[in-house]
Amino acid sequence: MIAGLLLAAGGGRRLGGRPKALLAYRGRPLVENAVRVLREAGCGPVHVVLGASAAEVRERADLTGCTVVDNPDWAEGMGSSLRVGLASLAGTGAAAALVSLVDQPGIGPAAVARVREAYRSPASLVAAAYDGERGHPVLFGAERWADIAATATGDKGARVHLVRHAGELVLVECSDVAEAFDIDTPPDLARLL
């Protein structure tokens with residue numbers, strides 16, 4: 001069982017404080033697209049970590065069937081959301097967590113499925129690559145969760161673990177099926193159209 005873990009807590013500071021989960025994408029909140037992508041790629045269960053405007057996201061977005069968890073420390077950065085998300089998966093029986101970010105709508109089910117299919121064991125460490133460069137989504141076998149949680153701080157997320165274990169990391173090329181752009185600044189909003 002490969003769980004989908006969606007990090008959707010960001011406050012969109014560079015977007016004027018517009019929470020990324022609520023950005024409009026194809027007429028619905030962006031978080032719904034990210035959940036759909038995880039499901040269509042075969043991930044389950046799907047856990048969603050919210051932070052900024054969590055109550056509004058719960059009210060406006062259809063997250064039916066997801067386990068939704070709040071990160072009260074979301075402003076500290078992605079590391080805190082990753083820790084909260086991995087903790088929410090404890091006891092679920094998931095062999096791995098496939099972690100995706102809410103603000104990357106150019107990454108669809110085909111890329112996520114490729115990363116998921118590279119799972120081999122609870123020690124798996126896999127990341128999508130774009131022209132040979134590591135990107136998202138990433139897959140962490142359950143044996144890695146404790147170390148990742150211990151080193152995930154600020155906006156670094158799992159970077160410390162990935163650097164320490166670079167020799168074990170399997171890169172899965174996805175540039176032919178996805179575009180790894182982020183929605184971070186007002187000019188990026190045009191990519192949602």
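The model is predicted: local features need pLDDT of at least 70, side-chain atom pairs count only at pLDDT 80 or more, and totals for chains, interfaces and linings use all residues. Residues are numbered from 1 along each chain as its sequence is written, and side-chain values use heavy atoms, with hydrogens and water left out. Helices (H or I, at least four residues) and strands (E, at least two) are DSSP runs, numbered from the N terminus.

**Domain annotation**

- An unreviewed UniProt entry assigns residues 4–165 the feature "domain: MobA-like NTP transferase"; UniProt positions are given in the numbering used here, feature names are shortened, and annotations may be inferred rather than shown by experiment.
- Residues 4–165 are 32% helix and 24% strand, and the end C-alpha atoms of this span are 22 Å apart.

**Largest pocket**

- On a 1 Å grid over the protein atoms alone, a pocket is an open set of points with protein on both sides within 12 Å along at least five of seven lines, and a cavity is a set where a 1.4 Å probe fits but cannot get out; lining residues have an atom within 4 Å of a point.
- The largest pocket holds about 890 Å³, where grid points are joined across faces, edges and corners and a volume is the space filled by probe spheres set on the points.
- Its lining has 36 residues, and Lys20, Gly77, Met78, Asp103 and Asp155 lie nearest the centre.
- Two or more lining residues come from each of strand E1 (2–8), helix H3 (78–89), strand E6 (96–101), strand E8 (133–141) and helix H6 (159–164).
- E8 gives the largest share of the pocket lining, five residues.
- By class, the pocket lining has 16 nonpolar, nine polar and eleven charged residues (Ala, Val, Leu, Ile, Met, Phe, Trp, Tyr, Cys and Pro count as nonpolar, Asp, Glu, Lys and Arg as charged, and the others, Gly among them, as polar).

**Largest cavity**

- The whole structure has one cavity of 30 Å³ or more.
- The largest cavity has a volume of about 110 Å³; 14 residues line it, with Ala34, Ser100, Leu101, Gln104 and Ile107 closest to its centre.
- Helix H1 (30–40) and E6 each supply at least two residues of the cavity lining, and H1 has the largest share, five residues.
- The cavity lining comprises eleven nonpolar, three polar and no charged residues.

- Buried residues of H3 are Gly79, Ser80, Ser81, Leu82, Gly85, Leu86, Ser88 and Leu89; buried means under 20% relative accessible area, exposed over 50%, partly exposed in between (1.4 Å probe, protein chains only).
- Their cover includes E1, strand E4 (46–50), strand E5 (67–70), E6, E8 and helix H5 (145–151).
- Gly91, with a positive phi near 85°, follows H3.
- Helix H4 (residues 109–117) has Ala111, Val112, Ala113 and Val115 buried, and the buried residues of H4 pack against H1, E6, strand E7 (125–130), E8 and strand E9 (170–173).

- Gly135 is in strand E8 and counts as buried because its relative accessibility is 13%.
- Beyond its neighbours within four places in sequence, Gly135 is in contact (heavy atoms within 4.5 Å) with Ala127, Ala128, Ala129 and Tyr130.
- Asp176, in the segment after E9, is exposed, with a relative accessible area of 55%.
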